[in-house]
Amino acid sequence: MKKFFSVNDVHDLKKLVLKAKDIKASPFSDKQLGENKTLGLIFLNPSLRTRLSTQKAGLNLGMQVMVMNMGQEGWALETRDGIAMDGNTVEHIREAAGVIGQYCDVVGFRSFPSLKNRDEDYSEELFNKFMEFCKVPMISLESATRHPLQSFADLLTIEEHKTVKKPKVVLTWAPHVKALPQAVPNSFAEWMNRAEKEEMIDFCITHPEGYELAEEFTKDSEIIYNQEEAIKDADFVYVKNWSSYRDYGKVISTDSKWMIQPDQLSKSTKVMHCLPVRRDVELASSILDGPQSLVQAEAGNRLWAAQTVLTEILSS
Ligand code: CP
């Protein structure tokens, strides 16, 4: 593996999940693999889980890990070419990425979308330019359109907790007070579509009209506008807010009826959320604190997803 940006960088999905299970069972069996190698984790935006789980994954493999909150601590970054940098930006991505690439063997990079210009965000210019100039293998720690380490951890969690061969997995939109990126639901849909093709799950999406995700991510997914109908008999309900793709970056509904209540779920349904979650806005605290919640298991699996990806990169 030379980069980890989307599920398309995964050759064999089932094998990758099995590898993650093996690593989870024996976390230090490859502790020499990263000896004398440096992992750089560059954040342009805040993080708790991604930062700590990927850092620990590198340490478990014997790597040196450097973390930089570039959005707060670094020079203001310019990404455009052919302009005189006489404004607020101080350092061009060409120089910054080139320098970081000399200090690191693998680089993880997080950059959220602006939610202002859809074409710009969906071109993934920032991630692609950084990768071009740093010239070492890169891992997405969440880009403008995807969060692959999260989706990998989510799939691992589903595989660990399923009680039937092919569980029904439902992605549902939930209300929120702010406009959030589509990266997590895009990525979840992309990974679940691949898992569905490989007969691992059945997948559908439910959201209010107007919250359709980009077709490149949902492809043949069934979309059901009636949440109650969609989550009926679900084995896993994945709760997430996102802003509109069509009316780009806009909050077009805050309908609290879309916040699932415990009595809407069958007893065997498991509930997932990538965290951070706004309690009693996105998801009822009685669900979060109850036996149907898998949020802690998902967050725990972020470590094994990151360690598996790093193992793949270091071994290739
Ligand atoms: N789920 C997730 O990526 O969490 P952080 O934003 O805290 O890293």
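Cys-204 is buried, with 4% relative accessible area (buried is under 20%, exposed over 50%, partly exposed in between, using a 1.4 Å probe and protein chains only). The model is predicted: local features need pLDDT of at least 70 and side-chain atom pairs pLDDT 80 or more, while totals for chains, interfaces and linings use all residues. Residues are numbered from 1 along each chain as its sequence is written, and side-chain values use heavy atoms, without hydrogens and water.

**Cysteines**
- There are zero disulfides in the structure (a disulfide is a pair of cysteine sulfur atoms within 2.5 Å).
- Cys-134 is in no disulfide, and its nearest cysteine sulfur, in Cys-104, lies 8.1 Å away.
- Cys-134 is buried, at 3% relative accessibility.
- For Cys-204, the closest cysteine sulfur is in Cys-274 at 19 Å, too far for a bond.

**Salt bridges**
- The whole structure has 15 salt bridges (a side-chain nitrogen of Lys or Arg within 4 Å of a carboxyl oxygen of Asp or Glu).
- Arg-110 and Glu-142 form one of 3.3 Å, N to O. Arg-110 is in strand β6 (residues 106-110) and Glu-142 in the loop between β7 (138-140) and α7 (148-161), so the pair ties together parts 32 residues apart in sequence. Arg-110 is buried at 5%, and Glu-142 is buried at 8%.
- Glu-212 and Arg-246 form another, at 2.8 Å, N to O. The pair ties the loop between β9 (202-206) and α9 (215-218) to the loop between β11 (236-240) and β12 (270-272), 34 residues apart in sequence. Glu-212 is buried at 15%, whereas Arg-246 is exposed at 58%.
- Asp-289 and Arg-279 meet at 2.7 Å, N to O. They are 10 residues apart, with Asp-289 in the loop between α11 (285-288) and α12 and Arg-279 in the loop between β12 and α11. Asp-289 is exposed at 55%, and Arg-279 is partly exposed at 44%.
- A network of salt bridges links Asp-81, Arg-94, Glu-125 and Lys-129.

**Helix α12**
- Helix α12 covers residues 295-315 (helices are DSSP runs of H or I with at least four residues, strands runs of E with at least two, numbered from the N terminus).
- Its 21 residues should span 30 Å, and the end C-alpha atoms are 31 Å apart, which agrees (the expected span is 1.5 Å times one less than the number of residues).
- A kink of about 25° is centred on Asn-301 (the bend is the angle between axes fitted to the seven residues ending there and the seven starting there).
- In α12, 15 of the 21 residues are buried.
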